Amino acid sequence: MNFEEICKIIFLKNKYLKSKDSQIHVLSHSLHFSSSVFEGIRVYNKKPFFLEEHVDRLFRSCAIMGLNLNLRKIQVIDICNEVVKKNKLNNGYIRPIVFRGAQSMAPDTKNCEVLLSVAAWRWDAFYKNSSLKLTLAKWKKPGPDTSPVAAKSSGSYQILTLAKNEAMKKGFDDVVMLDYKNYVAESSSCNIFWFKDEMVFTPTTKCSLAGITRKIVLNILKNEKINYKVGNFRINELINSEEVFLTGTASEIVNVCQIDKKKFKKKKFTEFLKTRFDLLKI
Ligand code: PMP
């Protein structure tokens, strides 16, 4: 996959451009110092899914990272919709990113311009496999006093990328990340849930991203009157569960069939949630 070719029209510096013409300077601050925040939004039947929630989170991430974007939320929403239209997307994915320009080559950002780019492309299933094999990562997620974990910032993907690449090298699809206190956190790009004795469990978002799909799933559980617990859980609680699944915008809801040596045979609950989730796309 080469996203330079897959993506046709991109919004950048207040213009809609052909993908190949959407250039930024190699000395952009964000490229060197990871000072960018971004979102991933699914498009179903030409409509961005939970767009307002994603733009809200983008602005929260900007606030945490001190990125003063010279645009209002409604303008960003309009730009996302326009990019979908210009790319003639029925089903796909939108990637807005807010980043700093080339006015500083040191950590300080006083004089840096803050830019928005919005790209969109057709993107079908994120994972090739319908049920995933995970491995425990050796990397740990930092605590909220070590890293701005509440922001969906490019910097937080440094360890997630390392962990994911190491997992794939070992033949797994993805990872289970623990946090700095050794509680279960998330995967490299999804929140994690498990099911045992008629109860659903998921970690808090103290050290992981407050996923929008996670929130949608918790709402489904509430509406269906299914009991769930949000808390701090050790890895053995996850390993000893009956069924495991991940949630994320790109991956939607995806079953887990293995964590290292432990195999999970059940996927009935995941399938049930998927049918409820699919109803929201219409
Ligand atoms: N955790 C991480 C690290 C992620 O990258 C994502 C994807 N944005 C998620 C969780 C799930 O979040 P969402 O459901 O909002 O896509």
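Biologist: How many Å is an oxygen atom of the ligand from a polar backbone atom of I212?

Modeller: This is a predicted model. In it, the distance between a polar backbone atom of I212 and an oxygen atom of the ligand is 2.7 Å.

Biologist: Which polar side-chain atoms lie by the ligand?

Modeller: Two cases may be cited. A nitrogen atom of the ligand has a polar side-chain atom of K152 at 2.8 Å. For T213, an N or O atom of the side chain is 2.6 Å from an oxygen atom of the ligand.

Biologist: Which residues come nearest to the ligand?

Modeller: The ligand has 16 residues around it, of which Y157, E186, I212, T213 and T249 come nearest.

Biologist: Let us turn to the domains. Where do they lie in the chain?

Modeller: Domain 1 covers residues 3-121 and domain 2 covers 131-279. Their centres, taken over C-alpha atoms, are 26 Å apart. Domain 1 brings 19 residues to the contact, and domain 2 brings 17.

Biologist: How is the size of an interface given?

Modeller: It is often expressed as the accessible area that is lost when the parts come together. Here, domain 1 and domain 2 bury about 1,500 Å² between them, with 65% of it on carbon and sulfur atoms. On the domain 1 side, 36% of the area buried against domain 2 comes from F38, R42 and R57, more than from any other three residues.

Biologist: How many salt bridges and polar contacts are there between domain 1 and domain 2?

Modeller: The number of salt bridges is zero, whereas eight residue pairs are in polar contact across the interface (both at pLDDT 80 or more).

Biologist: Which elements of domain 1 supply at least two residues of the side that touches domain 2?

Modeller: They are β3 (37-38), β4 (41-44) and α3 (51-65). The largest share, six residues, is from α3. By class, this side of domain 1 comprises nine nonpolar, six polar and four charged residues.

Conventions: Residues numbered from 1 in each chain as written. Predicted model: local features only at pLDDT ≥ 70, side-chain atom pairs only at ≥ 80, totals over all residues. Heavy atoms only, no water. Domains from an automatic or database assignment. Contact = heavy atoms within 4.5 Å. Buried area = accessible area lost by both parts, 1.4 Å probe. Salt bridge = Lys/Arg side-chain N within 4 Å of Asp/Glu carboxyl O. Polar contact = N/O pair within 3.5 Å; in protein donor to acceptor, adjacent residues only side chain to side chain. Helix = DSSP H or I, 4+ residues; strand = E, 2+ residues; numbered from the N terminus. Nonpolar A, V, L, I, M, F, W, Y, C, P; charged D, E, K, R; others polar. Near = heavy atom within 4 Å.
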